Amino acid sequence: MDHEPLPSADHAEVRIIAATPEVARRVAQVLRCCFASTEQRSYPAGRGGATRLHLTVDTSHAAQSAASWLASSQSSFEHNPRDEL
């Protein structure tokens, strides 16, 4: 797997994979309601019209509900990039 540079401290790269472009857009819209974000970039994700959508969210400019959740949450999940395709 190629090693991509990490986003800056308050940003996250989000990848959405969905069976249809419409489903991917709906998920991206929910994220945009919570965080400032870049324009989405979409790519084919296999057969049957599946879509992979990428966007960058800025967690330093979060909506109030997302900001309070971020401040109070701590992840116990250990991310392993080898789990990604």
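**First stop: a hairpin**

Begin with strands β3 and β4, which form a hairpin with six residues between them, and look in the turn for G46, whose phi is positive at about 100°. Helices and strands here are DSSP runs, numbered from the N terminus, with at least four residues (H or I) for a helix and at least two (E) for a strand. This is a predicted model, in which local features need pLDDT of at least 70 and side-chain atom pairs count only at pLDDT 80 or more, while totals for chains, interfaces and linings use all residues. Residues are numbered from 1 along each chain as its sequence is written, and side-chain values use heavy atoms, with hydrogens and water left out.

**The whole chain**

Now colour the chain by secondary structure: there are two helices and four strands, and along the sequence they follow the pattern β-α-β-β-β-α. If you colour by pLDDT instead (the predictor's confidence in each residue, from 0 to 100), the mean for the chain is 81, and 81% of its residues reach 70 or more. Confidence is highest in strand β1 (residues 11-18), at 93, and lowest in α2, at a mean of 73. Where pLDDT is low, the predicted coordinates should not be read in detail.

Next select β4, residues 51-62, and follow its neighbours one by one; two strands pair if DSSP finds at least two bridges between them.

- Strand β3 (residues 41-44) pairs with β4 in the antiparallel sense over four bridges; Y43 has R52 as its bridge partner, and P44 stands opposite T51.
- Strand β1 and β4 are also antiparallel, with eight bridges, and here H11 has D58 as its bridge partner.
- Strand β2 (residues 35-37) runs antiparallel to β4 and is joined to it by three bridges, with A36 standing opposite D58.

**T56, within β4**

Stay in β4 and select T56. Is T56 buried or exposed? T56 is buried, with a relative accessible area of 12%, where buried means under 20%, exposed over 50%, and partly exposed in between (1.4 Å probe, protein chains only). Leaving aside residues up to four places away in sequence, T56 touches H11, A12, E13, A36, S37, T38 and R41, a contact being heavy atoms within 4.5 Å. The side chain of T56 also makes a polar contact with the side chain of E13, at 2.7 Å. A polar contact is a pair of N or O atoms within 3.5 Å; within protein, one must be able to donate a hydrogen and the other to accept it, and residues adjacent in sequence count only if both atoms are side-chain atoms.

Move on to A63, in the loop between β4 and α2 (64-72), which is partly exposed, with a relative accessible area of 27%. The C-alpha atoms of A63 and A36 are separated by 8.3 Å, although these residues are 27 apart along the chain. C33 is exposed, with a relative accessible area of 52%, whereas C34 is partly exposed, at 26%.

A disulfide is a pair of cysteine sulfur atoms within 2.5 Å, and a search of the whole structure finds zero disulfides.
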